[in-house]
Amino acid sequence: MRTGKNGRDGRSRIIEGALRRFSQDGVSATTLASLREESGVSVGSFYHHFASKEHVFGVLYAETLQMYQDAFVSELVRHEDARGGIEAIVALHMSWCGEHPERARLLISERPPRREEPGGPEVGEARRAFFRQVADWWKPHMKAGLLRPVPTTMCYVLWLGPAQEMCRLWFAGAHQPTDEEIRGMCEAAWNSLRQS
């Protein structure tokens, strides 16, 4: 059923409005009233689609995480060589954040929903599937002596930690990353993760 603004349905309008509000104000500072006002839906329409602000956040977070992970895996599997894959993901991270700044802010700034919260089971399952796919790409390179055997958390920190911090500065308006800096982060990730 499509209604209202530009023929979009109420659920889509709520999600789009929530993305704008959460990105600008943060989830905790966003009120249910401001979500309804941003999306232009009635109280009844809101509760027809979502049980709470937390429900909207859980759905939006899970959807955004899946978008990011799909882009990540699609890019990763295009690269058969270890260095090409490691560096391509850093570049992909920066370009994805630049193309989807509101969604990137959500992933960078907000705590993911916990297992018992709305969106939590979907986020948990998406993460498990994602880590399996990344491990499937990683293990042959590790066995070949090209990539280090590192635990998942350390892998993430060494691979994308600097890029995440650069995005925080970028989104805060403190610094616009240059192509040279992005190339430097790509090389740094490779040097951190390769077998010496």
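Tryptophan 159 lies in helix α8 of the predicted model. With a relative accessibility of 4%, tryptophan 159 counts as buried, because this value is under the 20% cut-off. Leaving out residues up to four places away in sequence, the contacts of tryptophan 159 are Phe72, Leu76, Gly85, Ile86, Ile89, Val90, Val134, Trp138, Ala189 and Leu193.

The protein chain as a whole has nine helices and zero strands. Its pattern along the sequence is accordingly written α-α-α-α-α-α-α-α-α. Along the principal axes, the C-alpha atoms fill a box of roughly 60 × 35 × 30 Å. The chain has 196 residues, of which 42% are buried. Among contacts with a separation of 6 or more, 69% join residues 24 or more positions apart. Confidence in the prediction is given by a mean pLDDT of 93 for the chain, with 96% of the residues at 70 or more. Over residues 1–7, by contrast, pLDDT stays under 50. For residues 1–7 the model has twelve contacts beyond four places in sequence.

Helix α1 covers residues 10–25 and includes isoleucine 15. Arginine 21 is also placed in helix α1. Isoleucine 15 has a relative accessible area of 6% and is therefore buried. Beyond its neighbours within four places in sequence, isoleucine 15 is in contact with Phe50, Val56, Val59, Leu60 and Glu63. Arginine 21, at 14% relative accessibility, is likewise counted as buried. Its contacts, not counting residues up to four places away in sequence, are Gly26, Thr30, Ser34, Leu35 and Glu38. For one of these, serine 34, the C-alpha distance to arginine 21 is 7.7 Å, at a sequence separation of 13 residues.

Helix α2 comprises residues 32–39 and contains serine 39. The relative accessible area of serine 39 is 2%, so this residue is buried. A polar atom of the serine 39 side chain lies 3.3 Å from the backbone oxygen of arginine 36.

Leucine 60 is located in helix α4. Its relative accessibility is 0%, and leucine 60 therefore counts as buried. Apart from residues up to four places away in sequence, leucine 60 touches Ile15, Ala18, Leu19, Phe22, Arg103 and Leu106. The C-alpha atom of leucine 60 is 8.2 Å from that of glycine 119, although the two residues are 59 residues apart in sequence.

Histidine 79 occupies the loop between α4 and α5. Its relative accessible area is 18%; because the cut-off for buried residues is under 20%, histidine 79 is classed as buried. Leaving aside neighbours within four places in sequence, histidine 79 is in contact with Gly84, Gly85, Ala88 and Trp137. Gly85 is also one of the residues touched by tryptophan 159.

The largest pocket of the model holds about 760 Å³ of space. Its lining is made up of 31 residues, and those closest to the pocket centre are Arg127, Phe130, Phe131, Thr152 and Tyr156. At least two lining residues are supplied by each of α4 (53–76), α5 (82–99), α6 (101–109), α7 (120–143) and α8 (152–171). Helix α7 provides the largest share, with eight residues. Divided by class, the lining has 22 nonpolar residues, five polar residues and four charged residues.

Terms used:
Residues numbered from 1 in each chain as written. Predicted model: local features only at pLDDT ≥ 70, side-chain atom pairs only at ≥ 80, totals over all residues. Heavy atoms only, no water. 1 Å grid on protein atoms, 1.4 Å probe; cavity = no way out; pocket = protein on both sides within 12 Å on 5 of 7 lines; lining within 4 Å. Points joined across faces, edges and corners; volume = space filled by probe spheres on them. Helix = DSSP H or I, 4+ residues; strand = E, 2+ residues; numbered from the N terminus. Nonpolar A, V, L, I, M, F, W, Y, C, P; charged D, E, K, R; others polar. Buried < 20%, exposed > 50% of the residue type's maximum accessible area, 1.4 Å probe, protein only. Contact = heavy atoms within 4.5 Å. pLDDT = per-residue confidence, 0-100. Polar contact = N/O pair within 3.5 Å; in protein donor to acceptor, adjacent residues only side chain to side chain.
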